[in-house]
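Please look through the sequence and the structure shown below.

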Amino acid sequence: MTATMTALFGGTGPDWTPRQVPVPEPGPGQIVVRAHAVALNNADAAMLAAADPTAGGSGKEYQAGYEFAGEIAAVGDGVDTATVGQRVMGTTPASFAQYVLADHRHVLPVPDGLEPAEACALPTGLLTEHGALTTGGYQPGQSLLITGATSSIGLIGVQIARALGAGPIIATTRSAAKHDLLKQAGADAIVVTSEQDLTQAVLDATAGEGVDLTLDHVGGQTFAACLPATKVDGTVVNIGRLDTTAATIDLDALSYRHLRVHGVSFGFTRTAELGAVIAAAGRDLLPAVAGGRVRPLIDSTLSFDTADQAVTRLRSHRALGKIVLTVP
């Protein structure tokens, strides 16, 4: 490894700034990965805006990024599950760099034939959707409702549900033009929420019963509509807030249907817990990834030196799938 590397930093303006910084050294339980590609998430744009001093942000500088794929370049003490040269994909803060320091539990092996530009776009979706299914007590054969299913994570969720034997899978989108995309991902029925009432459409598709389990990526009043669309003794898991963080719900829909409601957020403050979630996702899903049944949708692939174009694309909310940066 070289002594210095290029990394992208926020907190200096509306875009990321490339800098030369020392290559990290792995501590106990850590690995260093030579990144070949990294993927953008909605949180990247939010953090960039919050730190932008030219627009009232904090001005607190930070190394950006969360998702990456590459080859292990160094291994710290106590790591016996990873070897130098192994191809991995993972998630950790400060991943927009040529060398990424990560907990060894926060990576998964990259299946043969999967290129870095695809691999880097998978970890967040795999761990989040599988973790949500696990939290919701999912069992094969159960019916699912997945809201916001054309988001990059939602699309992975539909594929995971199909790979794990769910059925029927009902997916929502605001755009009728994305109907075929959801069908290709594995959805059995599509609800276009700009044209249909979500609750009624799901009840109509399930003979009036509702689904066994709902994965909600939208929040707001969509979350409220998911409650009466979920069957008696069913479960609703909120994953994201693509709309708003607030909802006014009908408590009768919650109580009379004996629903269980969970919220999930698999952050980095609970290192061991996140490691367990990632390991479980890898155990259950890597065969489906290797077989091509679970793949990220890539909107665009750019390079580190055009990262400003990538974040502009992310801010536009027009990206269909993941935006990826190749790492020189």
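**Helices and sheets in the model**

N42, D44, A45 and L48 of helix α1 meet V311, L314 and R315 of helix α10, where contact means heavy atoms within 4.5 Å. By class, the residues of this contact of α1 with α10 are 4 nonpolar, 1 polar and 2 charged. Here Ala, Val, Leu, Ile, Met, Phe, Trp, Tyr, Cys and Pro count as nonpolar, Asp, Glu, Lys and Arg as charged, and the others, Gly among them, as polar. The model is a predicted one, in which local features need pLDDT of at least 70 and side-chain atom pairs count only at pLDDT 80 or more, while totals for chains, interfaces and linings use all residues. Residues are numbered from 1 along each chain as its sequence is written, and side-chain values use heavy atoms, with hydrogens and water left out.

Helices (H or I, at least four residues) and strands (E, at least two) are DSSP runs, numbered from the N terminus. Helix α1 covers residues 42-51, and its axis lies 9 Å from that of α10, at an angle of about 105°. Axes are lines fitted to C-alpha atoms, for helices over the stretch in contact, and angles run from 0 to 180 degrees between N-to-C directions. The two helices, α1 and α10, are therefore roughly perpendicular, a term for angles of 65 to 115 degrees; under 35 counts as roughly parallel, over 145 as roughly antiparallel and the rest as oblique.

Helix α10 spans residues 307-316 and includes A310. A310 counts as buried because its relative accessibility is 0%; buried means under 20% relative accessible area, exposed over 50%, and partly exposed in between (1.4 Å probe, protein chains only). Which residues does A310 contact, leaving aside its neighbours within four places in sequence? They are L40, L302, I323 and L325. The C-alpha atom of A310 is also 9.9 Å from that of A39, although 271 residues separate A310 and A39 along the chain.

Two strands pair if DSSP finds at least two bridges between them. Strand β15 (residues 298-303) runs parallel to β16 and is joined to it by 5 bridges, with S300 as the bridge partner of I323 in β16. Strand β3 (residues 30-39) runs antiparallel to β16, with 3 bridges between them. Opposite V38 stands L325 of β16, and A37 has T326 of β16 as its bridge partner.

Of the 10 residues of β3, 8 are buried, which leaves β3 mostly covered.

Another sheet is open and has 6 strands in the order β11-β10-β9-β12-β13-β14, with parallel pairing. Its edges are β11 (189-192) and β14 (260-263); each has a single partner strand, so one side of each lacks a neighbour in the sheet. On average, neighbouring strands of this sheet are turned by 15° against each other, direction ignored. Strand β13 (residues 230-238) and β14 are joined by 4 bridges, and V237 stands opposite H262 in β14. Helix α3 (residues 123-135) lies across β9 (144-146), β12 (211-216), β13 and β14, and runs at about 140° to β12.

Helix α6 (residues 198-205) has L198, T199, A201, V202 and L203 buried. What do these buried residues of α6 pack against? They pack against β9, β10 (169-173), β11, β12 and α7 (220-226). At the start of α6, a side-chain oxygen of D197 comes within 3.4 Å of the backbone nitrogen of T199. Just after α6, A207 has a positive phi of about 55°.

T172 lies in strand β10. With 4% relative accessibility, T172 counts as buried. A polar atom of its side chain lies 3.0 Å from the backbone nitrogen of G148. Leaving aside neighbours within four places in sequence, the contacts of T172 include L145, I146, G148, V191 and L198.

Note on methods. A polar contact is a pair of N or O atoms within 3.5 Å; within protein, one must be able to donate a hydrogen and the other to accept it, and residues adjacent in sequence count only if both atoms are side-chain atoms.
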